[in-house]
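Please look over the sequence and structure first.

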Amino acid sequence: MDNSKRTAVLLVNVGTPDEPKVSAVRRYLFEFLNDRRVIDLPLIPQKLLVNLIIVPFRAPKSTKLYEMLWTEEGSPLLVNANKNRDKLQASLGNDYQVFTAMRYQNPHLRKVLRQVRDQRFGKMIIIPVFPQYASSTTGTIGQFVSKEVAKWTVIPEIRFVSQFYDHPAFIKAFTERIKEFKPETYDHIVFSYHGLPNRQVDKVHPEIASTECTCEQAMPEHGKYCYKATCYQTTRLLAKSLGLKPDDYTLSFQSRLTKNWLKPFSDELVIQKAKEGVKRILFVAPAFVADCLETTVEIGVEYQELFEEHGGEKIQLVESLNDHPLWIETLKELINS
């Protein structure tokens with residue numbers, strides 16, 4: 001087949017271990033955490049921290065969590081990625097070839113890019129499946145693609161989708177997913193986003209510290225690529241679409257490693273709400289388009305246990321978009337826009 005008139009579409013996520021075993025999890029964490037955009041400390045402290053402390057101690061603990069997450073089909077992240085690929089391929093037709101790619105581990109982005117190069121596609125569209133831009137997710141994918149493609153003799157037309165948190169199709173898809181869980185039957189709604197170190201957010205607008213920014217109230221001019229600002233804007237758009245009042249919901253950040261990460265922290269919010277007498281919370285995670293360790297286990301299991309310990313009753317996780325038909329339509333619109 002002549003691919004010169006066809007477009008390669010790469011749906012790129014962070015990655016997942018090949019299997020829920022310590023050796024596989026260690027390989028994944030080693031590659032992931034040694035990325036200079038993920039842990040942006042000076043080189044020597046980063047290497048010592050990651051390779052002598054974090055990976056050796058975290059791999060066995062993370063493996064137990066992956067064992068809880070794993071299904072008969074495999075890692076939900078990869079299973080859903082492949083479903084997205086197949087459904088999007090069927091929707092787009094033969095003018096496109098859709099690929100699943102992972103920044104770390106398999107199917108590795110490097111290998112997929114080489115497939116695209118060898119098959120000589122005329123155009124390539126890269127979609128990191130992160131609604132809100134962050135240097136440690138979308139940024140590292142963009143950097144990796146640039147370095148790899150720079151080696152090619154023929155560089156095709158390339159389009160890179162940097163974020164889509166405010167795309168009407170994305171907001172519609174997540175709104176419909178939330179409605180499936182009848183938000184009006186819960187005492188409170190929490191919009192929980194993956195956390196980031198404050199210093200990474202501050203690098204986007206060094207003249208304004210993230211702790212002093214007013215993005216909680218409105219989208220600032222400097223907020224286009226600020227992760228914190230786009231998270232708050234995502235929440236405002238979803239709240240408006242759902243007809244929520246300000247008292248109905250709270251935004252928070254999860255998966256923190258230190259106190260110097262974006263606040264408020266989701267785990268502390270869970271405890272606070274339980275102590276206030278809230279019994280039922282609906283959790284929405286609009287930074288994730290596929291369920292993974294941070295949604296299924298961290299929110300669905302760990303936060304549920306934390307909530308019960310402090311007097312709460314039920315935390316219900318809204319399933320992510322996964323392979324929802326409206327998510328496939330969103331991807332199609334991103335490709336055709």
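The report below covers a predicted model.

**Cysteines.** The structure holds zero disulfides. A disulfide needs two cysteine sulfur atoms within 2.5 Å. The sulfur of cysteine 215 has its closest cysteine sulfur in cysteine 213, at 3.9 Å, so the pair is too far apart for a bond. Cysteine 215 is buried, at 0% relative accessibility. Cysteine 292 is in no disulfide either; the nearest cysteine sulfur, in cysteine 231, is 14 Å away. Cysteine 292 also counts as buried, at 8% relative accessibility.

**Helix H3.** This helix spans residues 76-92, 17 residues in total. From first C-alpha to last it reaches 24 Å, close to the 24 Å expected at 1.5 Å a residue. Its buried residues include Leu77, Val79, Leu88 and Leu92. The buried residues of H3 pack against strands E1 (7-15) and E2 (96-104), and against helices H2 (43-69) and H11 (325-336). Just after H3, glycine 93 takes a positive phi of about 90°.

**Backbone exceptions.** Most residues other than glycine have a negative phi, and most peptide bonds are trans. The table lists residues that depart from this.

| Site | Backbone value | Loop |
|---|---|---|
| Asparagine 106 to proline 107 | cis, omega near -5° | proline 107: between E2 and H4 (109-119) |
| Lysine 263 to proline 264 | cis, omega near 0° | proline 264: between E6 (249-254) and H9 (266-275) |
| Lysine 182 | positive phi, about 50° | between H6 (168-179) and E5 (188-194) |

Lysine 182 is exposed, with a relative accessible area of 51%. Serine 255 is buried, at 17%.

Methods:
Residues are numbered from 1 along each chain as its sequence is written. This is a predicted model: local features need pLDDT of at least 70, side-chain atom pairs count only at pLDDT 80 or more; totals for chains, interfaces and linings use all residues. Side-chain values use heavy atoms; hydrogens and water are left out. Buried means under 20% relative accessible area, exposed over 50%, partly exposed in between (1.4 Å probe, protein chains only). Helices (H or I, at least four residues) and strands (E, at least two) are DSSP runs, numbered from the N terminus. The expected span of a helix is 1.5 Å times one less than its number of residues. Contact means heavy atoms within 4.5 Å.
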